[in-house]
2 protein chains.
Amino acid sequence: MSEPTTKILLAHGSGGQLSHELVERLFLKHFDNPILARLDDAAVLQAGKWASLQVGDLPTCRLADFRLAFTTDSYVVSPIFFPGGDVGKLAVCGTINDLATSGAVPLYLSAGFIIEEGLELADLEQVVVSMATTAQAAGVQIVTGDTKVVDRGKADRLFINTAGIGVVPIGMELGGDQVRPGDAVILSGTIGDHGMTIMSQREGLRFDSPLVSDCAPLHGLVAAMLDALSPPPQSWGGAGGGGRAIHCLRDPTRGGLATTLNEVASKSGVGIEIEERIIPVRDAVRATCELLGFDPLYVANEGKLVAFVAPIAADVVLAAMRAHEYGQEAAIIGRVTAEHAGRVVLHTTLGTRRIVGMLVGEQLPRIC
Amino acid sequence: MSEPTTKILLAHGSGGQLSHELVERLFLKHFDNPILARLDDAAVLQAGKWASLQVGDLPTCRLADFRLAFTTDSYVVSPIFFPGGDVGKLAVCGTINDLATSGAVPLYLSAGFIIEEGLELADLEQVVVSMATTAQAAGVQIVTGDTKVVDRGKADRLFINTAGIGVVPIGMELGGDQVRPGDAVILSGTIGDHGMTIMSQREGLRFDSPLVSDCAPLHGLVAAMLDALSPPPQSWGGAGGGGRAIHCLRDPTRGGLATTLNEVASKSGVGIEIEERIIPVRDAVRATCELLGFDPLYVANEGKLVAFVAPIAADVVLAAMRAHEYGQEAAIIGRVTAEHAGRVVLHTTLGTRRIVGMLVGEQLPRIC
């Protein structure tokens with residue numbers, strides 16, 4: 001537990017330990033309901049409740065087995081333009097990714113803009129074009145929105161909130177609590193690209209091999225992974241998680257891969273062991289991390305996912321990922337264990353083992 | 001048309017003319033799709049598209065006639081606490097009201113917090129408790145959320161985005177384009193309470209009759225109005241708007257009643273005539289408006305709606321509204337006409353007639 005504080009600190013927005021404490025002590029406590037309490041990246045809404053609705057004389061909608069995924073994120077990244085993207089592309093991709101990793105097909109987005117007075121309209125238009133292009137390429141529609149303008153000095157150029165709705169196919173049961181001992185831990189590619197790109201922009205660093213954010217929509221990659229398992233072999237029936245081979249998908253954003261793995265280890269009550277030498281990190285990212293004193297395991301990604309997959313299906317899923325644009329460097333980086341439940345253990349390149357905890361404090365504010 | 005500007009002005013967030021230009025020239029242009037283009041307060045999503053979804057080997061969901069409403073708003077009100085509410089209550093009520101006035105039953109909300117470093121945790125908790133209490137009383141659940149913290153001086157204490165999902169009953173066809181000549185214009189109560197409460201807090205004004213925001217969730221009022229029309233008389237079949245008697249509901253927030261009426265007149269291609277002497281305004285609101293030079297017709301409301309109702313049903317709807325907690329001062333304030341299409345005409349207390357335009361510029365920044 002952290003030292004008690006009576007004020008909001010930057011670390012409350014880090015995605016790490018203080019963020020988790022804030023969510024549990026404040027939001028879960030007061031917004032008390034079982035859907036929120038799952039704390040997955042998107043809420044999955046059951047149709048059951050709706051069957052009993054009756055308004056005036058209008059008949060209720062006829063619903064069969066039907067689930068929606070619903071998610072939201074605000075984007076406050078600084079600077080708003082960076083190599084590989086901008087706050088708008090990030091806002092569209094981030095919400096698509098929260099839907100996709102919940103197993104939903106992303107369909108509709110909302111867009112809420114909080115704009116600082118004095119922002120150049122040309123900058124806003126560039127962001128909006130970026131959002132439109134990203135949404136169109138991803139096959140989602142931005143169907144509702146809102147604009148607020150605050151006086152100069154009361155915001156920082158542009159904040160964007162996107163909420164998203166997707167449809168969860170019948171039988172899809174992904175979740176942070178679905179992971180089982182023996183599962184393969186598959187990472188879709190290199191880590192740290194987004195965070196170190198933003199950081200180097202702020203610090204004015206330049207490298208021979210320029211850093212580029214990995215910001216990308218991952219629902220196509222998820223679809224390719226699911227398609228590869230169709231039709232599923234009979235033997236998966238006993239693999240747990242509703243008989244499906246993919247048990248959990250997560251996009252390791254704020255707090256990085258280490259924090260995401262800790263969340264899953266905790267929710268599923270399992271241990272996770274990962275191999276440092278297999279985790280892909282670009283040279284430029286590694287160099288920047290060393291220069292600035294960061295551990296790539298804790299640096300935010302915006303176009304990567306980690307999959308927890310039944311061992312029998314791991315090679316099929318890995319091959320499907322490697323064949324996809326956004327999974328070419330995918331690798332099985334570790335295994336889920338029954339031992340050391342709730343903890344993540346790293347086998348280092350030096351041959352030692354160490355426990356990797358959740359992010360503590362805030363190392364990279366306003367990374368997304 | 002306003003003077004061209006290359007920078008975002010406060011008036012771009014006013015809800016008035018510059019806001020409309022920004023939406024049309026930027027957001028509609030680039031996010032081009034027919035759902036957004038309707039520019040109602042909530043997007044109504046058809047199920048048709050979803051029927052063709054296929055992901056992996058999973059069966060698609062079985063959908064009958066089914067529509068969702070989806071809406072978003074960010075709340076940047078200053079101060080965050082005010083008589084009658086706070087930014088949290090406002091965020092829950094505002095999104096409920098956008099769903100309710102689209103004819104939907106509000107079900108689920110998301111909550112995205114952008115917090116300035118240094119905010120007192122006790123203040124955040126007070127806002128969260130207010131949101132929880134309001135949501136619980138309204139029967140909606142906050143099921144997903146996000147927290148970002150920005151460095152001191154880069155936001156102003158607390159901004160909240162809420163997005164909302166509701167179910168639209170079969171046959172419900174409300175919309176800004178559904179209004180017909182002859183429709184009664186029914187206002188649910190007094191205008192200007194919210195805006196003048198915020199303004200007087202900022203100015204440090206005090207009155208014998210203290211100002212209180214009207215911030216309230218209106219879905220119960222809408223349900224009461226619909227219930228009153230059940231079962232509908234046969235004769236409504238020819239009243240237009242899908243045979244239903246209530247053609248359009250709007251909550252006149254930013255830009256006030258005048259701007260809302262202008263939006264509807266424009267979208268339905270009708271004229272609207274309203275009687276100044278019938279529009280209820282509290283004495284304290286009128287006094288504050290006179291003192292500060294505001295016109296209550298342009299001041300934001302957060303617990304009022306205006307209904308456009310087929311004439312045969314107007315008295316029934318009015319009676320139902322007056323019997324409801326949030327409609328006790330409801331009044332038929334005017335009529336829809338075929339003449340002066342697209343314009344709103346005010347019959348003043350002086351016996352004159354004048355055209356009431358959309359809000360130009362920004363009179364009350366950060367009112368919601």
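**Two chains, one interface: a short tour**

Hi everyone, let's start with one residue: B:Arg157 is partly exposed, with a relative accessible area of 32%. B:Arg157 has a positive phi of about 70 degrees, although it is not a glycine. You'll find B:Arg157 in the loop between β6 (141-150) and β7 (158-168) of chain B.

Some housekeeping. This is a predicted model, where local features need pLDDT of at least 70 and side-chain atom pairs count only at pLDDT 80 or more, while totals for chains, interfaces and linings use all residues. Residues are numbered from 1 along each chain as its sequence is written, chains are lettered from A and ligands numbered from 1 in the order in which they are written, and side-chain values use heavy atoms, leaving out hydrogens and water. Helices (H or I, at least four residues) and strands (E, at least two) are DSSP runs, numbered from the N terminus.

Now, how do the chains relate?

On to the interface. Contact means heavy atoms within 4.5 Å, and 102 residues of chain A are in contact with 102 residues of chain B. Since 100% of the interface residues of chain A are also interface residues in chain B, the copies meet through the same surface.

How many salt bridges are there between chain A and chain B? The count is 10, a salt bridge being a side-chain nitrogen of Lys or Arg within 4 Å of a carboxyl oxygen of Asp or Glu. A:Arg366 forms one with B:Asp151, their closest N and O atoms being 3.6 Å apart. Strand β5 (residues 105-116) of chain A gives the most to the side of chain A that touches chain B, with 11 residues.

Last stop: proline. The peptide bond from A:Ser78 to A:Pro79 is cis, with omega near 0 degrees. A:Pro79 lies in the loop between β2 (67-75) and β3 (81-82) of chain A. In chain B, a cis peptide bond joins B:Ser78 and B:Pro79, with omega about 5 degrees.

Methods. Buried < 20%, exposed > 50% of the residue type's maximum accessible area, 1.4 Å probe, protein only.
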